[in-house]
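Subject: Structure handover

Hello,

Here is the structure for you to look at. My notes on what was found in it follow below.

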4 protein chains.
Amino acid sequence: MSPRTSQQNEAQRAQTRKLILEVALQAFAEKGYASASMSYIAKEAGISKGLSYHYFKNKEDLLIGIFEMLAGMADGLESAWEGKRPAEKLALAVEMTFNILQEQPQMVRFMTALAIQPEVTDNLKQHIEAQKLINIKVYQEIFKELEYANPELEAYAFGALLDGVALGCLALGADYPLDKMKQIILSKYHL
Amino acid sequence: MSPRTSQQNEAQRAQTRKLILEVALQAFAEKGYASASMSYIAKEAGISKGLSYHYFKNKEDLLIGIFEMLAGMADGLESAWEGKRPAEKLALAVEMTFNILQEQPQMVRFMTALAIQPEVTDNLKQHIEAQKLINIKVYQEIFKELEYANPELEAYAFGALLDGVALGCLALGADYPLDKMKQIILSKYHL
Amino acid sequence: MSPRTSQQNEAQRAQTRKLILEVALQAFAEKGYASASMSYIAKEAGISKGLSYHYFKNKEDLLIGIFEMLAGMADGLESAWEGKRPAEKLALAVEMTFNILQEQPQMVRFMTALAIQPEVTDNLKQHIEAQKLINIKVYQEIFKELEYANPELEAYAFGALLDGVALGCLALGADYPLDKMKQIILSKYHL
Amino acid sequence: MSPRTSQQNEAQRAQTRKLILEVALQAFAEKGYASASMSYIAKEAGISKGLSYHYFKNKEDLLIGIFEMLAGMADGLESAWEGKRPAEKLALAVEMTFNILQEQPQMVRFMTALAIQPEVTDNLKQHIEAQKLINIKVYQEIFKELEYANPELEAYAFGALLDGVALGCLALGADYPLDKMKQIILSKYHL
DNA sequence: TATGAATGAGAATTCATTCAT
DNA sequence: GATGAATGAATTCTCATTCAT
């Protein structure tokens, strides 16, 4: 009956917030942003509608929250690159892309839809563009180390290839030859 | 005195139908299928809400109408391939992709979003998948003629690369180095 | 190519008008007044929407037209009574009610719905009430001739019994024991 | 500080639900199912359009809700029959019919219209038929106890007579000789 | 912090009716 | 007389958001 300490409160808050974000990501990816209702998300998360509005001031805020969560995850992954040789880094980028495509297709669908659809806030739009450019920069660095003639364009092309695989996979689902595509891409870049 | 001739009616119908389709394509591409309301489309087309339903029995029917219109356009383009050598065909595929990307980005945005968006009917979904697979088959044929080791996977990879460029271009807009990408792709395939 | 004579025109008009009325009666009875659209009626009648409005200035006018048509039919039937003995008249009333119930259930449904539903114009309402009262008067006359103690109430009761059978038949459809009900009613009134 | 107790919520819900049901019954009876709009019902109930959909998932669900409410009321009345002699039961059936006709004409109008109207779902239609048949069975039991020659048909005839009175009363309103009809019916069945 | 009843704006869709031809 | 394209108001229904408790 004693009041929770503020630490416990904080932890509880963070956990609920994360739960909402995950449920919402799932819902947005499955049904689309417009078609996934706040009621549905709250129900799926097992909380009341009103409570969601304690954590996110509106639906768009929730969208941004998801985006930030995903961006944070990507950041975390970068540490895995440290100390690797360039070819290994490139191979790792391929691996990671295909992994995420297989394990979290909803997340990929969400991000891709976000990137294309203009129903999204300008604010979020800029986040997305920035993210995409950062990715390109990273690839560019690698291609420079690998002494490709035109690292920047190679980076764009490499990114495009991976994006295109993702697109095809999202559109065709299980029919898409994911594994074989990984092989051919690795071999195309001599990895 | 006399009723309109059926010819006049037919012409009127065709014209209004086309107007609605074009406005709707624009609207769906700009705002997304779920967020572009029938009211908005009607207003943009300068007609009454009710009239749209005279031409398309519901929103999904309108979506299908657009899809068929675009598919029809694509069919027309195929005749340009006749009698070309394989390398020329491949170059033409690249050219066409980049052309359409520059001249009709809305159309590309629409088709891409359609392929990803879960808000779309299974019916249309299957059309889209079929369309995508047809494309792959065409590329595959070319790579076979060019005696690539694995024509099918090469076709997938080629398609992915072009799709990825489209995706990047849609996301980054004018910042995307479209022209240079065309060059690097052409050179990658020795065209 | 000579213009139709006004007689021919007149005949044509009358025929088309009748066609519309019959189709509309069917439609109203099947779907209900509110749910049977003018478009549907026009299509069923094989004419254009616009043309129906040449014959009936609006939907309610069409409703009134049907009512008048049905009232006219009832009038025609009355001549069959002439010169009959009271018991025969009563038996005839029963026969006619059951006949119409079997052969034109739609018509009965329509009139019954009209009598109950207040979404109907006051104007039409009064017609219906008048019609019902006329019926009662006729029955009352018969019961007076048959020397029943209270001809007026007997008339109401007799009408109620027939109405109730109609109601049950409309509600239960083929499950309703129509034939047996005719027998028991006839025997109840010693006919 | 604390959320409403579930008891408070429950009470509130029950009250609002009942309000909507009563207003809707009134509206459907007055205007007919198709013509009484959800907007109208909400306005009459003094609540927002949206709230009705919080309680009933659609218009038909509301209709079913009313039907169940009325069926529930009827159930309650049955206990009054216990331990009565057959003649008393029959008299009670007449009494109850006339009572309800005088005190709740809207309810009768609603149920009668429902039985006839084609705008009603098959689902509800079956409920109605079942209800009607149950009634007949009850009457049949009584006539069997009273040793009538053909209890089943007598039950149908008795039901038809009461239904017919209701119909006449609904159509003619205050002009209908309700009280006298009760007397003549009671005397016809020696009650 | 937590609930869910309540709101109101807006979406899809239908339909009686008009009118240029 | 005849057509059906066109209109616009009304209808059913959804949903983001607020708020009393």
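This is a predicted model: local features need pLDDT of at least 70, side-chain atom pairs count only at pLDDT 80 or more; totals for chains, interfaces and linings use all residues.

Contact here means heavy atoms within 4.5 Å.

Domains of chain A

Chain A is split into domain 1, residues 1-56, and domain 2, residues 64-188. Taken over C-alpha atoms, the centres of domain 1 and domain 2 of chain A are 28 Å apart. On the domain 1 side of chain A, 11 residues are in contact with nine residues of domain 2 of chain A.

The size of an interface is often given as the accessible area lost when the parts come together. Between domain 1 and domain 2 of chain A the buried area is about 850 Å², and carbon and sulfur atoms give 77% of that area. Of the area that domain 1 of chain A buries against domain 2 of chain A, 57% comes from Leu21(A), Leu25(A) and Ala29(A), more than from any other three residues.

The side of domain 1 of chain A that touches domain 2 of chain A has eight nonpolar residues, one polar residue and two charged residues. Zero salt bridges are counted between domain 1 and domain 2 of chain A. The count of residue pairs in polar contact between these domains, with both residues at pLDDT 80 or more, is also zero.

Lys59 of chain C

Lys59(C) is part of helix H4 of chain C, residues 59-78. The side chain of Lys59(C) reaches the backbone oxygen of Ala36(C) at 2.9 Å. Leaving out residues up to four places away in sequence, Lys59(C) touches Phe28(C), Tyr33(C), Ala34(C), Ala36(C) and Met38(C).

Regards

Definitions and conventions:
Residues are numbered from 1 along each chain as its sequence is written. Chains are lettered from A and ligands numbered from 1 in the order in which they are written. Side-chain values use heavy atoms; hydrogens and water are left out. Domain bounds come from an automatic or database domain assignment. Buried area is the accessible area (1.4 Å probe) that two parts lose on being put together, summed over both. A salt bridge is a side-chain nitrogen of Lys or Arg within 4 Å of a carboxyl oxygen of Asp or Glu. A polar contact is a pair of N or O atoms within 3.5 Å; within protein, one must be able to donate a hydrogen and the other to accept it, and residues adjacent in sequence count only if both atoms are side-chain atoms. Ala, Val, Leu, Ile, Met, Phe, Trp, Tyr, Cys and Pro count as nonpolar, Asp, Glu, Lys and Arg as charged, and the others, Gly among them, as polar. Helices (H or I, at least four residues) and strands (E, at least two) are DSSP runs, numbered from the N terminus.
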